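Hi,

Here is the structure you wanted to look at. My notes follow below it.

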Amino acid sequence: MKIFRLLEIMRNQLNKLQEMYEVLQQMQNAMVDSDYESFEKTIELQEKILAEIRNYEKSRIDILKDLLKSDILPEKNALVQKLFEAEPETDLSLQEEYLNIRESLINVVGEIENLNFQNKYLIDHSRKFIKELVTNLYGVKNQKLLDRKV
């Protein structure tokens with residue numbers, strides 16, 4: 001059944017998002033520790049995980065469209081009802097599992113957004129600090145050189 005495949009894809013997607021969260025935490029630690037090699041490794045891991053997440057999302061949307069027989073997905077509340085009406089032999093526990101996984105996905109994405117904001121803040125302030133440091137070392141005359149490099 002397609003519902004089982006959908007739930008499997010969502011579970012895999014949730015696992016990858018949790019893995020992404022851990023990698024973002026490693027990235028943050030690498031930035032704080034000024035460990036450039038670890039930072040580079042986390043970027044490579046992020047790219048791999050993002051590619052997998054994109055594939056799962058594409059598969060999830062394809063299954064949803066197939067189940068709903070439409071290119072335009074309905075509103076969120078109507079989606080769950082229509083989704084489980086598309087395969088009437090599914091039981092109520094699958095619908096609850098779907099809603100639980102969806103809620104977990106939403107929570108993990110929120111945590112990732114928060115961590116991304118923190119990492120962006122760290123990067124922005126690191127760049128500002130470096131810019132001020134180089135300006136203090138080389139003077140204002142080399143500002144144009146500095147603007148290109150930083």
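H1 and H2 cross in a left-handed way; left-handed means that the near helix is turned anticlockwise from the far one by less than a right angle, and clockwise would be right-handed. By class, their contact has 21 nonpolar, seven polar and eight charged residues. Here Ala, Val, Leu, Ile, Met, Phe, Trp, Tyr, Cys and Pro count as nonpolar, Asp, Glu, Lys and Arg as charged, and the others, Gly among them, as polar.

The packing angle of H1 and H2 is about 160 degrees, and their axes are 9 Å apart. That makes H1 roughly antiparallel to H2 (angles over 145 degrees count as such). Axes are lines fitted to C-alpha atoms over the stretch in contact, with angles from 0 to 180 degrees between N-to-C directions. Helices are DSSP runs (H or I, at least four residues), numbered from the N terminus.

This is a predicted model: local features need pLDDT of at least 70, side-chain atom pairs count only at pLDDT 80 or more, and totals for chains, interfaces and linings use all residues. Residues are numbered from 1 along each chain as its sequence is written, and side-chain values use heavy atoms, leaving out hydrogens and water.

Now the loop. Ser34 sits between helix H1 (2-33) and helix H2 (36-68). Its phi is near 55 degrees, a positive value in a residue other than glycine. Most residues other than glycine have a negative phi. Ser34 is exposed, at 66% relative accessible area (exposed means over 50%, with a 1.4 Å probe and protein chains only).

Lys58 is in helix H2. Lys58 is also exposed, at 53%. Lys58 and Ile9 are 49 residues apart in sequence, yet 10.0 Å apart in space, C-alpha to C-alpha.

Best wishes

Key: Helix = DSSP H or I, 4+ residues; strand = E, 2+ residues; numbered from the N terminus. Buried < 20%, exposed > 50% of the residue type's maximum accessible area, 1.4 Å probe, protein only. Parallel < 35°, antiparallel > 145°, perpendicular 65-115°, else oblique.
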